[in-house]
Amino acid sequence: MHEDLIPMLLTGFGETLYMVVLSTVAAIVLGLPLGVLVVITSTGHVLESPRLNRILGAVINITRSFPFIIMIVLLLPLSRFLVGTTLGATAASVPLSIAAAPFLARIIENSLKEVDRGKVEAALAMGATPLQIVRKVLIPEALSSLVLGVTLAVITITGFTATAGAIGAGGLGSLAIRYGYMRYREDVMFATVLILVIFVQGVQWGGDRLARRINRNQHRLG
């Protein structure tokens with residue numbers, strides 16, 4: 001094993017972690033309202049609006065249909081406008097966030113649709129506003145499912161960072177391509193894959209554990 005491997009891996013993992021955290025936060029900020037709106041504007045819900053619902057659904061579907069590598073290229077001007085460059089982890093977080101947001105919105109939509117409609121109707125009968133229903137009924141009742149959805153989004157974004165590494169984003173993906181594949185260093189390839197596997201397993205374990213704890217607390221309170 002080359003003596004320069006550990007510093008490279010630490011730097012690469014730090015860049016990957018930075019991209020994942022920043023993109024996940026941005027995807028939640030974008031995807032949560034989008035997912036909520038798709039649910040509450042659906043037929044028979046608290047803000048029923050079939051036209052708006054169709055528009056939102058179309059936006060989500062169109063965005064999700066783009067392969068990530070193509071989306072990166074299309075969003076290079078936006079990255080340059082927002083952060084002043086198209087290279088590096090911060091610039092890559094722009095397309096990462098936009099790619100993950102509609103994916104997360106669909107997960108949030110499915111989670112919120114699992115909430116018992118009887119609880120929504122009971123809240124409406126007590127005079128709750130749509131915003132109160134979202135904050136006090138839909139999100140709390142679907143919280144464990146939402147946690148699992150965010151966990152899946154984090155894992156998906158982690159995979160996207162490897163693709164982004166091919167065009168100068170940095171991170172473990174870039175390290176594996178530039179030093180592992182192009183320079184025929186099997187130690188770099190093996191180490192980057194091992195770190196990503198451990199990271200993904202850790203994220204999945206943490207998400208599952210948190211979701212189970214939320215479920216237990218809800219059952220205890222219920």
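Which helix does G173 lie in? G173 belongs to helix α9, residues 171-181.

## Basis of the model

This is a predicted model, in which local features need pLDDT of at least 70 and side-chain atom pairs count only at pLDDT 80 or more, while totals for chains, interfaces and linings use all residues. Residues are numbered from 1 along each chain as its sequence is written, and side-chain values use heavy atoms, with hydrogens and water left out.

Helices are DSSP runs of H or I with at least four residues, strands are runs of E with at least two, and both are numbered from the N terminus. Buried stands for under 20% relative accessible area, exposed for over 50%, and partly exposed for the range in between (1.4 Å probe, protein chains only).

Apart from neighbours within four places in sequence, G173 is in contact (heavy atoms within 4.5 Å) with A162 and G165. G173 and S23 are 150 residues apart in sequence, and their C-alpha atoms are 16 Å apart in space.

## Nonpolar cores

A nonpolar core is a set of buried Ala, Val, Leu, Ile, Met, Phe, Trp, Tyr and Cys residues joined through side-chain atoms within 4.5 Å. The largest one has 36 residues, of which L112, I133 and L138 touch the most other members. At least two residues of this core come from each of α1 (5-40), α3 (68-74), α5 (89-113), α6 (117-125), α7 (130-141), α8 (143-164) and α10 (186-221). Helix α5 gives the largest share, eight residues.

Leaving out residues up to four places away in sequence, L112 touches V36, V39, L138, I139, A142 and L146. There is also a second, separate core of eight residues, with M8, L175, Y179 and V188 among them.

## A nonpolar surface patch

On the surface, I62, F66, I69, I70, L74 and I167 form a nonpolar patch, and together they have about 510 Å² of accessible area. Patches are made of residues with over 30% relative accessible area and no salt bridge; like charges are joined within 9 Å, and nonpolar side chains (Val, Leu, Ile, Met, Phe, Trp, Tyr) within 5 Å. Accessible areas come from the Shrake-Rupley method with a 1.4 Å probe, and for residues only the protein chains shown count as cover.

Helix α3 supplies the largest share of the patch, three residues. I70 is placed in α3 and counts as partly exposed, at 41% relative accessibility.

## Aromatic pairs

Two aromatic pairs are present. Rings of Phe, Tyr and Trp (its six-membered ring) pair if their centres lie within 6.5 Å; planes under 30 degrees apart count as stacked, over 60 as edge-to-face and the rest as tilted. F13 and F199 make an edge-to-face pair, at 5.8 Å centre to centre and with 80 degrees between the planes. F13 is in helix α1 and F199 in helix α10, so this pair ties together parts that are 186 residues apart in sequence. F13 is partly exposed at 28% relative accessible area, whereas F199 is buried at 16%.

The pair of F68 and F160 is stacked, with 4.5 Å between centres and 10 degrees between the planes. F68 lies in helix α3 and F160 in helix α8, so the parts tied together are 92 residues apart in sequence. F68 has a relative accessible area of 9% and is buried; F160, at 21%, is partly exposed.

## Salt bridges

The structure holds three salt bridges, each a side-chain nitrogen of Lys or Arg within 4 Å of a carboxyl oxygen of Asp or Glu. R106 and E109 are joined by one of 2.6 Å, N to O. Both residues lie in helix α5, three residues apart, about one turn of the helix, and both are buried. For E109 the relative accessible area is 7%.

E109 also forms a salt bridge with K113, with the closest N and O atoms 2.9 Å apart. These two are four residues apart in α5, so about one helical turn separates them.

E141 and K119 meet through their side chains in a salt bridge of 2.9 Å, N to O. This pair links distant parts of the chain, with E141 in helix α7 and K119 in helix α6, 22 residues apart. E141 is partly exposed at 36% relative accessibility, and K119 is partly exposed at 39%. Through shared partners, salt bridges join R106, E109 and K113 into one network.
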